[in-house]
Amino acid sequence: MITVIDGMGGGLGVKIVSELKKRYASQIKILALGTNSTATAAMKKAGADFAATGENPVVVNCKKATLILGPIAIITPDGLMGEITPRMAEAITLSDAKKILLPSDRCNIDVVSTPRLLNMTELIKELVDRVGEELV
């Protein structure tokens, strides 16, 4: 199961879910986990097969995930404007799932290997390409 985690308005999660569904619809099932109901509803509307909201669904479902996708802030306690609880960050980080995370300067983490010239659209394309590599 591919798990997409996002918060706030779910905009990044929506882009991830819709691009994955465009490219791999017949091969994948997506679980959208939102830190709030707005993010969850947006990702569900974008094509996620399953969806849940809040801390406990994140903690429980990270144990079952094979891939976890989202912004790098999901592994940071108090990330995403404080929406990622320490318990969520720990569950995501300790999950055996492979994590493919998008860099973001919103959480004060600057990933040196990330070319600054890539915009979020290009980064999402790279994320979707890497999911394809995992599906092989």
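The buried residues of helix α2 pack against β1 (2-6), α1 (11-24), β2 (30-34) and β3 (50-53). Contact here means heavy atoms within 4.5 Å, and helices (H or I, at least four residues) and strands (E, at least two) are DSSP runs, numbered from the N terminus. Before going further, please keep in mind that this is a predicted model: local features need pLDDT of at least 70, side-chain atom pairs count only at pLDDT 80 or more, and totals for chains, interfaces and linings use all residues. Residues are numbered from 1 along each chain as its sequence is written, and side-chain values use heavy atoms, with hydrogens and water left out.

## Helix α2 and its ends

Which residues of α2 are buried? In this helix, residues 37-45, they are A39, T40 and M43. Seen down the axis of α2, these buried residues fall within an arc of 100 degrees, so they line one face of the helix. The arc is that of the directions from the helix axis to the C-beta atoms. Buried means under 20% relative accessible area, exposed means over 50%, and partly exposed lies in between (1.4 Å probe, protein chains only).

On the face of α2 turned away from the buried side sit the exposed residues S37 and K45. The N-terminal end of α2 is capped by N36, which places a side-chain oxygen 3.0 Å from the backbone nitrogen of T38. For such a polar contact, a pair of N or O atoms must lie within 3.5 Å; within protein, one must be able to donate a hydrogen and the other to accept it, and residues adjacent in sequence count only if both atoms are side-chain atoms. Just after α2, G47 adopts a positive phi of about 125 degrees.

Leaving aside residues up to four places away in sequence, K21 touches I28, I30, G47 and D49. Is this lysine buried or exposed? With a relative accessible area of 17%, K21 is buried.

## The chain as a whole

The protein chain holds 6 helices and 5 strands. Along the sequence they follow the pattern β-α-β-α-β-α-β-α-α-β-α. With 136 residues, a compact globule would have a radius of gyration near 14 Å, and the 13 Å of this chain agrees with that. That radius is taken over C-alpha atoms, and the globule rule is 2.2 Å times the number of residues to the power 0.38. Along the principal axes, the C-alpha atoms fill a box of roughly 35 × 35 × 25 Å.

Of the 136 residues in the chain, 46% are buried. Among contacts between residues at least 6 apart in sequence, 68% join residues at least 24 apart. The chain exposes about 7,200 Å², and carbon and sulfur atoms supply 54% of that area. Accessible areas come from the Shrake-Rupley method with a 1.4 Å probe; for residues, only the protein chains shown count as cover.

## Helix α5

In α5, the buried residues are M88, A89, A91 and I92. They cover an arc of only 165 degrees around the axis, which puts them on the same side of α5. Their cover includes β1, α3, β4 (67-71) and β5. The face of α5 turned away from the buried side carries the exposed residues P86 and L94.

## Salt bridges

How many salt bridges does a search of the whole structure find? There are 7, each defined as a side-chain nitrogen of Lys or Arg within 4 Å of a carboxyl oxygen of Asp or Glu. The table shows some of them.

| Pair | N to O distance |
|---|---|
| R23 and D129 | 2.5 Å |
| E55 and R87 | 3.0 Å |
| E134 and K98 | 3.2 Å |

R23 lies in helix α1 and D129 in helix α6 (residues 120-135), so this pair ties together parts that are 106 residues apart in sequence. R23 counts as partly exposed at 38% relative accessibility, and D129 does too at 22%.

The salt bridge between E55 and R87 links helix α3 (residues 55-62) with helix α5 (residues 86-94), 32 residues apart. E55 is partly exposed at 28% relative accessibility, and R87 is partly exposed at 38%.

For the salt bridge of E134 with K98, E134 lies in helix α6 and K98 in strand β5 (residues 98-102), so the pair ties together parts that are 36 residues apart in sequence. E134 is partly exposed at 37% relative accessibility, while K98 is partly exposed at 42%. Finally, salt bridges that share partners join R23, K125 and D129 into one network.
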